[in-house]
Amino acid sequence: NKLTIAFDKAGTKKVIDSFVARVLSDTAAIARSFGARGVLVGVRPAVATTLIDLGIDLSALWQGTGAGGTPLTLTHFYAAEEGLLPPMRGMSAEELFPWLQGEMMAGRAVCVSSLEGLPPEAALDRDNLARFGVRSNLTLPLSVGGASTVAALGFNSTRSERDWPEPLVKRLRLVGQVFANALARKRAEEALGAGRDRLEAA
């Protein structure tokens with residue numbers, strides 16, 4: 001089976017075009033390296049939403065918004081299946097998925113083929129994942145250069161339970177690293193721009 005990676009670039013603002021372009025370019029290169037077929041589509045007006053056409057029906061990007069990178073907040077998502085409770089941008093992982101957020105901030109990936117595979121302390125997370133129709137989940141912490149987690153990228157199956165074979169997980173980690181690097185560059189550019197504005201205003 002060919003792996004199809006689709007990127008959303010519709011509705012992006014001019015000021016982040018270069019950020020989107022780098023994500024598309026870097027991820028397309030990774031896709032080609034393992035024989036994938038890259039497809040650009042205008043699915044949703046978001047910075048760079050990723051769809052992996054391997055039975056992954058729901059993907060979500062959570063970004064750290066406060067001190068220490070928490071709470072993680074939902075900023076981008078793709079949902080392939082209609083009729084399910086849709087995620088909402090701005091949702092807090094601290095409120096809905098506290099155990100998952102803790103794992104992400106500790107740098108630990110979460111990989112379960114069934115929600116029953118989550119530990120007892122993840123009861124709230126399990127209930128809320130079920131509310132959104134999730135049957136299987138893979139969530140990866142995103143960081144750069146061994147630093148603390150800055151975001152998390154989730155991949156979910158809603159139509160049926162599925163396994164997460166190690167070769168697929170490795171590929172998705174590559175995709176996640178592309179996003180981590182792009183997010184780090186974007187934040188560095190924003191910080192540089194803010195510093196320049198302060199100097200000009202002084």
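Analyst: Two residues count as being in contact when heavy atoms of theirs lie within 4.5 Å. With that in hand, note that the model is predicted, and ask about the chain.

User: Among contacts between residues at least 6 apart in sequence, what share joins residues at least 24 apart?

Analyst: In this chain the share is 66%. The chain has 202 residues, and buried residues make up 46% of them.

User: How many helices and strands does the chain have, and in what pattern do they follow along the sequence?

Analyst: There are five helices and eight strands. Read along the sequence, the pattern is β-α-β-β-β-β-α-α-β-α-β-β-α.

User: How do I read an aromatic pair?

Analyst: A pair of aromatic rings is described by the distance of the centres and the angle of the planes. This structure holds one such pair. Its members are Trp62 and Phe97, with ring centres 5.8 Å apart and planes at 85°. Planes over 60 degrees apart count as edge-to-face, and the Trp62–Phe97 pair is edge-to-face.

User: Which parts of the chain does the pair tie together?

Analyst: Trp62 lies in strand E4 (residues 58–64), while Phe97 sits in the loop between helix H2 (93–96) and helix H3 (98–105), so the pair ties together parts that are 35 residues apart in sequence.

User: Is Trp62 buried or exposed, and is Phe97 buried or exposed?

Analyst: The cut-off for buried is under 20% relative accessible area. Trp62 has 11%, so Trp62 is buried. Phe97 has 6% and therefore also counts as buried.

User: Where do charged side chains lie over rings?

Analyst: Two cases can be listed. Arg131 lies over the face of Phe132, at 5.5 Å from the ring centre. Arg162 lies over the face of Trp164, at 4.7 Å from the ring centre.

User: Which residues lie nearest the centre of the largest cavity?

Analyst: The lining has 20 residues, of which Ala60, Trp62, Phe97, Leu129 and Asn156 lie nearest the centre. Elements that give two or more residues to this lining are E4, E5, H3, E7 and E8. Both members of the aromatic pair, Trp62 and Phe97, are thus found among the residues nearest the centre of the largest cavity.

User: What classes of residue make up that lining?

Analyst: By class, the lining of the largest cavity has 15 nonpolar residues, five polar ones and no charged ones.

User: Which residues of H4 are buried, and what do they pack against?

Analyst: Asp125, Arg126, Asn128 and Leu129 are buried in H4. The buried residues of H4 pack against H2 and H3. Just after H4, Gly133 takes a positive phi of about 80°.

User: Which residues is Thr73 in contact with, leaving aside its neighbours within four places in sequence?

Analyst: Thr73, which lies in strand E5, is in contact with Leu61, Trp62, Gln63, Thr65, Gly90 and Met91 once those neighbours are left aside. Thr73 has a relative accessible area of 14% and is therefore buried.

User: Where is the place of Val144?

Analyst: Val144 is in the loop between E7 and E8. At 30% relative accessibility, Val144 counts as partly exposed. Leaving aside neighbours within four places in sequence, Val144 is in contact with Gln177, Ala180, Asn181 and Ala184. The C-alpha atoms of Val144 and Ala182 are separated by 9.7 Å, and the two residues are 38 apart along the chain.

Note on methods: Residues are numbered from 1 along each chain as its sequence is written. This is a predicted model: local features need pLDDT of at least 70, side-chain atom pairs count only at pLDDT 80 or more; totals for chains, interfaces and linings use all residues. Side-chain values use heavy atoms; hydrogens and water are left out. Rings of Phe, Tyr and Trp (its six-membered ring) pair if their centres lie within 6.5 Å; planes under 30 degrees apart count as stacked, over 60 as edge-to-face and the rest as tilted. Helices (H or I, at least four residues) and strands (E, at least two) are DSSP runs, numbered from the N terminus. Buried means under 20% relative accessible area, exposed over 50%, partly exposed in between (1.4 Å probe, protein chains only). A charge sits over a ring if NZ of Lys or CZ of Arg is within 6 Å of the ring centre and within 35 degrees of the ring normal. On a 1 Å grid over the protein atoms alone, a cavity is a set of points where a 1.4 Å probe fits but cannot get out, and a pocket is an open set with protein on both sides within 12 Å along at least five of seven lines; lining residues have an atom within 4 Å of a point. Ala, Val, Leu, Ile, Met, Phe, Trp, Tyr, Cys and Pro count as nonpolar, Asp, Glu, Lys and Arg as charged, and the others, Gly among them, as polar.
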